[in-house]
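The tour goes from one residue to its surroundings, and then out to the whole chain.

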Amino acid sequence: MLAPWPTGLLPEGSEGTVPTPWGPVTVFSGHLEDLLGDGDGRWWGASMDGAVFEAMHADRHGRWFRAEHEGATYDVLQCAFGTGRALSSLAQQADRAEALLATHRVQLPVGGCTLEGHDAVVVWPHAASVGLNEVDLLDQFRAAGTVLGALVPWATPPVERRWNDAMATVEQRLGTSTLWRAPHDRATVGLPDLHLSLHSLVEGAEGPRFRPLPRTVDEALTDVVGRKPGLAHAMALEGEAVEAGRASEAGGPEAWFDAWSVGAPASWSNPRARSTYRGGLWIWRYANVMRWRGRALAWEDHDLQAATQSWLEDVDRLQARLGVLRMWRSLLWLGAAGLAAAWYAHALDALSPSASLALAGGSVAVAAGGWLRYRAAE
């Protein structure tokens, strides 16, 4: 049972730490039984000593097994590549894990093995998979907002410079000709590293649960934003639903985002946070397309390459619209400057009262007109 290989990124059969055009990659080789013995890995949580394993399938993450141990059944992932240990770290932080589990819409791992600073094996209690096409999208987006909202106590202030620098790194690695940076509202806070996906849902008592997985090798090398805000997660889920052909279902992306906003803290989706002028939804949709672009190139998915290239070719048009937004918004500041000039001119007797009043009125009109056109364009 061989896992798919990212032939667009590194040669098949590579072992150890391998250099690639996007950075070094740790390739895990060997059998699961090797890690259960006296290997170099460090086990945590549920022990798998003496478990009976049955090979199930393989995907971009690695090889999946069903394990029977002391009367319990587990789903076990043996990772093919080292992509960090964010998942096991999150599961072992009791306060964060308890907050997530209290939502009843997420299933965290209960054990695993770390090797060379990466998650090499991850263990979950067995749960049946739920296909993306089987779920109620509005319910699942609402659940995603609730799950992410549980991490609010550990959120960090916006770090727009770091996020923008990360996007520059991704653009450089993928060799794209696009360039997109954005400021962010103070409500656009960073969240602990958590990877939600509509492709890794499992059954739960209160509805399908998200089963966070380690990142794939392409995601680890191109999704370098780190502590992403809630909006970034919402747009990543939107991309998966659209790619699955459900763009017109349950009201479409706008309705999905509204449902997500019901579950998430209200400040995350306030008008300033959603403002395209500040990045809003579009900057994170762009970041998500870049992530898909990395997947297309790494796994040599030619259809996905064509789709992402088509989207990126529209970036110039989108940024031209952003330029129009900034132009209308700038009239607000022009009007404010005119008001200040009218006040000083009146105070210094540089203009007659009627002229000062006319200047003030014209400034207000310019500011109001610019603001209304800006809001309409938004």
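This is a predicted model: local features need pLDDT of at least 70, side-chain atom pairs count only at pLDDT 80 or more; totals for chains, interfaces and linings use all residues.

Apart from neighbours within four places in sequence, Ser197 is in contact with Phe210, Leu237 and Glu240.

Where in the fold does Ser197 sit? Ser197 is in the loop between α5 (160-174) and β11 (201-202).

Is Ser197 buried or exposed? Its relative accessibility is 10%, so Ser197 counts as buried, the limit for buried being under 20%.

Now look at the polar atoms. The side chains of Ser197 and Glu240 make a polar contact at 2.8 Å. Then turn to the backbone of His199: its nitrogen is 3.0 Å from a polar atom of the Ser197 side chain.

Next, select Phe210, one of the contacts of Ser197. Setting aside neighbours within four places in sequence, Phe210 has a list of contacts that includes Arg105, Val106, Gln140, Ala144, Leu198 and Leu237. Ser197 is on that list as well.

The largest nonpolar core has 63 residues, and Leu100, Leu198, Phe210 and Trp260 are the ones with the most contacts inside it. Which helix gives this core its largest share? Helix α10 (residues 280-298) does, with seven residues. In soluble globular proteins, nonpolar side chains tend to be buried together.

There is a second, separate core of 22 residues. To find it, select Phe28, Met48, Tyr74 and Val76, which are among its members.

Now colour two helices, α4 (residues 137-149) and α8 (residues 252-263). Their axes come within 7 Å and cross at roughly 40°. The crossing is right-handed. On the α4 side, the residues making the contact include Leu137, Phe141, Ala144 and Leu148. On the α8 side, they include Ala255, Trp256, Ala259 and Trp260.

Finally, zoom out to the whole chain. The protein chain has 13 helices and 12 strands. Of its 378 residues, 49% count as buried. How much of the accessible surface belongs to carbon and sulfur atoms? The share is 54%, out of about 17500 Å². Among contacts between residues at least 6 apart in sequence, 70% join residues at least 24 apart. The contact between α4 (residues 137-149) and α8 (residues 252-263) is a place to look at again with that in mind.

How values were computed:
Residues are numbered from 1 along each chain as its sequence is written. Side-chain values use heavy atoms; hydrogens and water are left out. Helices (H or I, at least four residues) and strands (E, at least two) are DSSP runs, numbered from the N terminus. Buried means under 20% relative accessible area, exposed over 50%, partly exposed in between (1.4 Å probe, protein chains only). Contact means heavy atoms within 4.5 Å. Accessible areas come from the Shrake-Rupley method with a 1.4 Å probe; for residues, only the protein chains shown count as cover. A polar contact is a pair of N or O atoms within 3.5 Å; within protein, one must be able to donate a hydrogen and the other to accept it, and residues adjacent in sequence count only if both atoms are side-chain atoms. A nonpolar core is a set of buried Ala, Val, Leu, Ile, Met, Phe, Trp, Tyr and Cys residues joined through side-chain atoms within 4.5 Å. Axes are lines fitted to C-alpha atoms, for helices over the stretch in contact, and angles run from 0 to 180 degrees between N-to-C directions. A crossing is left-handed if the near helix is turned anticlockwise from the far one by less than a right angle, and right-handed if clockwise.
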